[in-house]
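Me: I would like to learn how to read a few features of a structure. Please take them one at a time.

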Amino acid sequence: MRPSHLSKTFQAFVDSEKSSGILLIVCTGVSLLAANSAGGAEYLNWWHTRIASLSLEHWINDAFMAIFFLLIGLELERELKSGELSSVQSALLPFVAAIGGIVAPALIHFSFNAGTPTQAGAGIPMATDIAFALGVLAILGNRIPAALKVFVVAFAVIDDLSAIVIIAVFYTANIALGYLAGALAVWLILYALNRLGRVMTLAPYLLGGALMWFLMLKSGVHATVAGVMLAFAIPYASRRDDEASPSHKLEHLLHKPVAFVILPMFALANTAVVVGPDWAHSLTSANSLGIAAGLVLGKPLGVMVLCYVAVATGLCRLPNDLSWRHLAGAGILGGIGFTMSIFIANLAFGGQPDAINASKMAILAGSLTAGIMGFLWLTLTGGPPSDPPGHP
């Protein structure tokens, strides 16, 4: 996991994501200021401008974010097949960390909200924002080992993929089976083009992906699921940094548009939080406390406990360049939910603007706290490990 061993594509992904994190902070600030300015009502209404039967916000959250998840899927496929997660030994610890970082925050939120109308928000603190987490690591620079960046990306990508599964299973109210069957049929055709037809041009996959997205949108399952499905249908060459691979070409093509266009648009559209006179009270509601505690406490607790058990039982071991304090820092940074947490909040409380607004405030507060804590922790403890790897 030394820098010389990192693939060019992985480094390009990291560079684009960390730059995106800085831009996301700016866009969030702009959106908050605009929403709470004299023209706040106009700003909020503008995002609900309808284009071809969908609002602008809807287009961003359902269409453009499908492209974001396509990139996440391509990244995950590459890491699993020829990257940092291509061996069971390398993949197991980030996978364990991701599971712990999903379960603990959800349980914390559930303990605050069980049996209440806000129980559906249990999925909000589950995911990690890769861009913001890498943004913090970028500020730390060479004070932390490169292996930590690999670990954070790995478990954050698994986190996001798990969030997609959770969205598909738990945040789908009504399913139109005909449209869903159509989307699956298109995916099978694209997969056959790849595996049987050996079609190596991107055009048929992108056209099929657009059709699959439309059918998934009509099915009732969130349309962004189509992005991840498409990623695993596109041909991939297992050779490292293979320029001829359609998957590699598309991933390289999407890095900058996703980082500098799609995610900033998402931030502008989804962080227009109106800070009303009762903002302090809303942050002390059961839902807000569950979100904030899940992000700030649940993430590092889940990551550390499950990784400790996995290492103590011999299931896996720490990489040579990492110590337990690095893992703790990764867990704290995992509490930066932002993009995915806001995404799930919109689904969990659809049609409830007050609940969505309060959830976003809690997400921003929890993510900011986790980011500051993670930065301070790794600044103080992020040097080379002094304790033997694999021993807590």
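Me: Where does Trp47 lie?

Reply: Helices (H or I, at least four residues) and strands (E, at least two) are DSSP runs, numbered from the N terminus. Trp47 sits in the loop between helix H2 (40-46) and strand E1 (50-51). This is a predicted model, where local features need pLDDT of at least 70, side-chain atom pairs count only at pLDDT 80 or more, and totals for chains, interfaces and linings use all residues. Residues are numbered from 1 along each chain as its sequence is written, and side-chain values use heavy atoms, with hydrogens and water left out.

Me: Is Trp47 buried or exposed?

Reply: Buried means under 20% relative accessible area, exposed over 50%, partly exposed in between (1.4 Å probe, protein chains only). Trp47 has 7% relative accessibility, so it counts as buried.

Me: Which residues is Trp47 in contact with, leaving aside neighbours within four places in sequence?

Reply: Contact means heavy atoms within 4.5 Å. On that basis Trp47 touches Ser55, Leu56, Glu57, Ile60, Met265, Leu268 and Ala269. The C-alpha atoms of Trp47 and Ala272 are 9.7 Å apart, though 225 residues separate the two along the chain.

Me: How are two packed helices described?

Reply: By the angle between their axes and the distance between the axes. Axes are lines fitted to C-alpha atoms, for helices over the stretch in contact, and angles run from 0 to 180 degrees between N-to-C directions. Helix H12 (residues 286-312) and helix H15 (residues 353-381) pack at about 25°, with axes 8 Å apart. H12 and H15 are therefore roughly parallel (under 35 degrees; over 145 is roughly antiparallel, 65 to 115 roughly perpendicular, the rest oblique).
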